[in-house]
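Here is a short briefing to read alongside the model. Please keep the structure open as you go through the points.

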Amino acid sequence: MTSSGWHTPVSIGHPAESLLRPGAVRSRCRIVMARCLAGLSPFFTWDERTLSVCADYVAQTIRLNYPDLQVPYHSRWRHFEAGGVDRWGALVARAGLDGDPLERARTAIDLVIPSVLLDAGAGPEWRFLDGAGGPPLARSEGLGVASLALFASGALSTDRAQPLRCDAEALASLGRDTLATAFQVGPANPLVGLDGRLALLQRLGEVMAATPAVFGTPARAGHLLDYLLARAPDGRVAAGLVLETLLRALGPVWPGRLRLQGVPLGDCWAHPAMDDGLLPFHKLTQWLTYSLLEPLEWAGLTVTGLEELTGLPEYRNGGLLLDFGVLCPRDQAFWSHRWRSE
């Protein structure tokens, strides 16, 4: 821990500062888009004629699923509700948190931060059987409900009197067997990347402990609420501030990412279109930001500036553009080539 209260402080004027902001995603992606529109992309062309058809499909899908146009946030909370079961509400009721909105919000943040970090590909064989009944859950829904079960077990809290917490000490000492049991992992139910998930949670604990400016002492994930409340004297907090806080506080958690003069850049990658060769996406941290909107609202905060965030740069959104021919590979071998990140 440094005297600043941050694991890895980012000083004013540091070259990483501008990359750890929501505006960097849009401004730099516009440069890539402009190159594609100018015909300079070596991989894709852009077909403007198909864009309206794609947009119509999106609009129709929204109206089909949400006829009243009240679309819930795209967040981890939708996974907790898999099968139409209000697991969070039941947990809150059992814990008696209904009468304390601030503690309820802290507890929600305690749950959702490690849960989002645990959401990576589970593999084709893994399934989770929920005690609430229903069919086995797979992929992100299964991982979400499994992470809720892990949290509800008290495994992320060192205080037995307060089991519904996520503190740095419990994370740093979390055992493999505890995680495997919570996720129902076994020879007949293998989960891809179990050890990597465990290492990520342990690292989260280490980074939280070294960032008391955000997570307090002793460090607790839910103390993020208090950090943001202190910066919202009028009851309003900017979505951009939430994202920037997470990028700076949790950036050191991720292994093997690019660093700029000692500062980890998170979901930021090399791209030749940029003068400095760096293109940020901040996908997972933006999704975590979206997943914090409801807890912040439960605490009485109004989150402003949601338009500063972006759609998540992932296979669903990218696949939509490819499926409708808005983005067209120059070489048809694109569809059969096995790509890998470097």
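The notes below cover a helix, a pocket and a glutamate.

This is a predicted model, where local features need pLDDT of at least 70, side-chain atom pairs count only at pLDDT 80 or more, and totals for chains, interfaces and linings use all residues. Residues are numbered from 1 along each chain as its sequence is written, and side-chain values use heavy atoms, with hydrogens and water left out.

**Helix α4**
- Helix α4 spans residues 87-95; helices here are DSSP runs (H or I, at least four residues), numbered from the N terminus.
- Its buried residues (under 20% relative accessible area, 1.4 Å probe, protein chains only) are Arg87, Trp88, Leu91 and Val92.
- Seen down the axis of α4, these buried residues fall within an arc of 135° (taken from the directions from the helix axis to the C-beta atoms), so they line one face of the helix.
- Their cover includes α3 (77-80), α5 (101-117), α6 (139-152) and α13 (283-298).
- Gly96 follows α4 and has a positive phi, near 70°.

**Second largest pocket**
- A pocket is an open set of points on a 1 Å grid where a 1.4 Å probe fits, with protein on both sides within 12 Å along at least five of seven lines; lining residues have an atom within 4 Å of a point.
- The second largest pocket has 25 lining residues, with Ile62, Val71, Pro72, His74 and Asn317 nearest its centre.
- Helix α2 gives the most to this lining, with 5 residues.

**Glu103**
- Glu103 lies in helix α5 and is buried, at 15% relative accessible area.
- Beyond neighbours within four places in sequence, Glu103 is in contact (heavy atoms within 4.5 Å) with Leu97, Arg165 and Arg220.

Notes: Buried < 20%, exposed > 50% of the residue type's maximum accessible area, 1.4 Å probe, protein only. Helix = DSSP H or I, 4+ residues; strand = E, 2+ residues; numbered from the N terminus.
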